[in-house]
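Good morning, and thank you for the time.

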Amino acid sequence: MSTGSAISLRNVVFGYEPGRTHVLDGLTADVPAGKVTALLGPNGSGKTTLLNLIIGLLQPKEWQVLLNGRLARDLTRGE
């Protein structure tokens, strides 16, 4: 079992409309490898948006997302 982070998020900023309040603003988090992690929050708090950013369905304005130590934007869909 690895002790590193499977997913690392650094300063993630995302908004659906220019000039509007960001849904995510400066989010930084680490999801440990080999552990069960829950994402909890009220409706409309950005949980699904965050997951869509991690898997690449949405493109954040600013971000650094690492999956197993590699930049997510450099990975292919298959990886």
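Predicted model: local features only at pLDDT ≥ 70, side-chain atom pairs only at ≥ 80, totals over all residues.

Asparagine 11 is found in strand 1, where a strand is a DSSP run of E with at least two residues, a helix is a run of H or I with at least four residues, and both are numbered from the N terminus. Its phi is near 50°, a positive value in a residue other than glycine. With a relative accessible area of 38%, asparagine 11 is partly exposed; buried means under 20%, exposed over 50%, and partly exposed in between, with a 1.4 Å probe and protein chains only.

Residues are numbered from 1 along each chain as its sequence is written, and side-chain values use heavy atoms, with hydrogens and water left out.

Serine 8 also belongs to strand 1, which covers residues 5–14. Is serine 8 buried or exposed? Its relative accessible area is 10%, so serine 8 is buried. Its side chain is joined to that of aspartate 30 by a polar contact of 2.9 Å. A polar contact here is a pair of N or O atoms within 3.5 Å; within protein, one must be able to donate a hydrogen and the other to accept it, and residues adjacent in sequence count only if both atoms are side-chain atoms. Setting aside neighbours within four places in sequence, serine 8 is in contact with Ala29, Asp30, Gln64, Val65 and Leu66, contact meaning heavy atoms within 4.5 Å.

Valine 13 is another residue placed in strand 1, and it counts as buried because its relative accessibility is 5%. Its C-alpha atom is separated by 19 Å from that of asparagine 43, 30 residues apart along the chain. Leucine 75 is 62 residues from valine 13 in sequence and 20 Å from it in space, C-alpha to C-alpha. Leucine 75 itself sits in the segment after strand 4 (70–71). Not counting residues up to four places away in sequence, leucine 75 touches Leu67 and Arg70.

I turn now to the helix. Threonine 49 has its place in helix 1, residues 47–54, and at 7% relative accessibility it counts as buried. Which side chain makes a polar contact with the side chain of threonine 49? That partner is tyrosine 16, at 2.6 Å. Beyond neighbours within four places in sequence, the contacts of threonine 49 are Phe14, Tyr16, Val23, Leu24 and Leu58.

Finally, the chain as a whole. From the N terminus on, its elements run β-β-α-β-β. The radius of gyration is 13 Å, close to the 12 Å that the globule rule gives for 79 residues, so the chain is as compact as a globular protein of that length; the radius is taken over C-alpha atoms, and the rule is 2.2 Å times the number of residues to the power 0.38. Along the principal axes, the C-alpha atoms fill a box of roughly 40 × 30 × 20 Å. Of the 79 residues, 25% count as buried. Among contacts with a separation of 6 or more, 50% are between residues 24 or more positions apart.
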